[in-house]
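Trainee: I would like to learn how to read ring contacts in a model. Please take me through them one at a time.

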Amino acid sequence: MKRTFKKWIALASAVIMALTMTMSVSATNLNGGGELTLYIYDHDGNLSGNTYSLYQIATFDVEADPNGGSGVVYTNIEVKSIYENDFDAADVAADSQNSDDMKALAVTLKGIATGDPGDTALVTDIDDGTVTNLKPGYYMLIETAHDSTDAYIATDIILVAVDGTGTDPVSNSNKVTLKETLPTIEKKIVLEDSSTNVGTASADDLVDANVAAIGDTITYQLESKIPNYPADAKSITYTITDTLSSGLTYVGVSSIVIGSTTYTVGGANDCENWISTDNTTSGGGTLTITIPSDVVLDNTGETVTVTFTATLNEKASVGETGNPNSVKLEYTNNWDAGSTYKTEEDSVITYTGKLVIEKVDNSNTATKLGGATFAIYSAKDHKVTVPSDTAATITVGSDTYYYYTTVTTSSDQTDLGTAAISGLDADTYYAVETVAPTGYSVDSTPQVLALTVKGDSSLELETEGTVVTTVGNSNTTSGNTVTWTVNSGTNSSGVITQQIKNKQGTTLPGTGGIGTTLFTFGGLALVILAAVMFIVYTKKQRKQA
């Protein structure tokens, strides 16, 4: 079946010059002198080291519209013999909406031109973007060499009608702007809730930085777009590589969505064979997702969205440093040569806090007290095992707090009186003393430890409100810090110290209680009463005797 040239021009991925122009003319055979110029532009305004060959498909005369219209018509069309069985200019207006037919025609013409015996290019190795002294006619532009360092995808086959009626950049010339695409990949954290953000984003927002506790699961989203590869492309590479820092332990890929199709491990659209990991079992390592070539080519132009999870582990960097996670994309940028290009990494970062409790004497805070044990309670239920002698929850006001961990202040001189809690989320915590230092009484009053974190402004790139919405390779973790705060005090190092005081030799009742004072005096009263009764009873016995 013969393919129409205009149909390819209308819908193919290349830039096609219109076959009928709107320039006013008044004479026939307007451009018969063969003095036309074709200007070729790419994404940088020049060819950037890429080279092209130009093939002549047919020649024609350009005449004024015989019906008196403002456009032109092509007459005396002569198709080169090598293409005449597949290109029929008489079918220019037929089936113009069938883009698949147009793409097929382009592939067919390229195959003829570059086949055996093939055609001889009119001009080869075009690298300056200009072809001069052309006759009016139909031409095919093919990219013959693509710079391996050029991130843009090699240009698809371009068919263009050179008729001299264009006005850009100069009169009696034609201009082709190559259709090139630049693949990128973007990484975001899916925010668990507003308390886990370094700004004021809401749950389920996509951000570049968050906070988490050790043991928490973090959800990541990777998003890229498959380029518009041509129909004759083969053996396409499209590989996503995600690198985790040692403080993050890979859990698994939740889904890979390509266009409207969802792929899952073991599901109806199984993607298990696409996924591989390296050194991820104990934290860190890489996750690699290789989308098969046939899937890529069946989904050109579609968006790829990968969702996976990791947990923050005991190796996590605490305080201001953070735990980065980066992704990059490797893709075929020239399908003919098989060359690939790797994007820069796009990074996100997770912070976790460290809180130090310092137990001191109430009257002399320079006196540090070792041996004080505290049960720590959190606003979030971390589902941890609760010791049998410790309450699972406490109530402060109308709020319930859940047991998180137990710590004891050190008796060593190097860190006397301190107890560190590492890997904390930004949250409100309470410390409840369960064992007092020697010579001191237990103070069971819950002590508030409100831990918050604020991001440095450089963490938010091109923000919409305070939610990071950067598109592309932001690499946001470089040189950024956060400030941790406990009970409105600050410490830029991210290690927060909060003092808790004890009174020596004094009983400190819990909130709303009267402590042991009542029991002490009550016991003394009973002893005195027993003594008095014993004396009265003895005297009575003597009188009776």
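Trainee: Which charged end sits over the ring of Y41?

Mentor: Keep in mind that this model is predicted. The charged end of K175 lies over the Y41 ring, at 4.9 Å from the ring centre.

Trainee: What describes a pair of aromatic rings?

Mentor: Two quantities are used: the distance of the centres and the angle of the planes. In this structure, a search of the whole model finds 12 aromatic pairs. One of them joins Y250 and F308, with 6.3 Å centre to centre and 40° between the planes, and is tilted.

Trainee: Where do Y250 and F308 lie?

Mentor: Y250 belongs to strand 14 (residues 248-258) and F308 to strand 18 (residues 303-312), so the pair ties together parts 58 residues apart in sequence. Y250 is buried, at 17% relative accessible area. F308 also counts as buried, at 0%.

Trainee: Why is the pair of Y331 and Y341 called tilted?

Mentor: The label follows from the angle: planes under 30 degrees apart would be stacked and over 60 edge-to-face. The planes of Y331 and Y341 are at 50°, with the ring centres 5.9 Å apart, so this pair is tilted. Y331 sits in strand 19 (residues 323-334) and Y341 in strand 20 (residues 339-342), 10 residues apart.

Trainee: Is Y341 buried or partly exposed?

Mentor: Y341 is partly exposed, with 24% relative accessibility, whereas Y331 is buried at 0%.

Trainee: Which residues do ring pairs link into a cluster?

Mentor: The cluster consists of F60, Y74, F87 and Y138, linked by ring pairs.

Conventions
Residues are numbered from 1 along each chain as its sequence is written. This is a predicted model: local features need pLDDT of at least 70, side-chain atom pairs count only at pLDDT 80 or more; totals for chains, interfaces and linings use all residues. Side-chain values use heavy atoms; hydrogens and water are left out. Rings of Phe, Tyr and Trp (its six-membered ring) pair if their centres lie within 6.5 Å; planes under 30 degrees apart count as stacked, over 60 as edge-to-face and the rest as tilted. Helices (H or I, at least four residues) and strands (E, at least two) are DSSP runs, numbered from the N terminus. Buried means under 20% relative accessible area, exposed over 50%, partly exposed in between (1.4 Å probe, protein chains only). A charge sits over a ring if NZ of Lys or CZ of Arg is within 6 Å of the ring centre and within 35 degrees of the ring normal.
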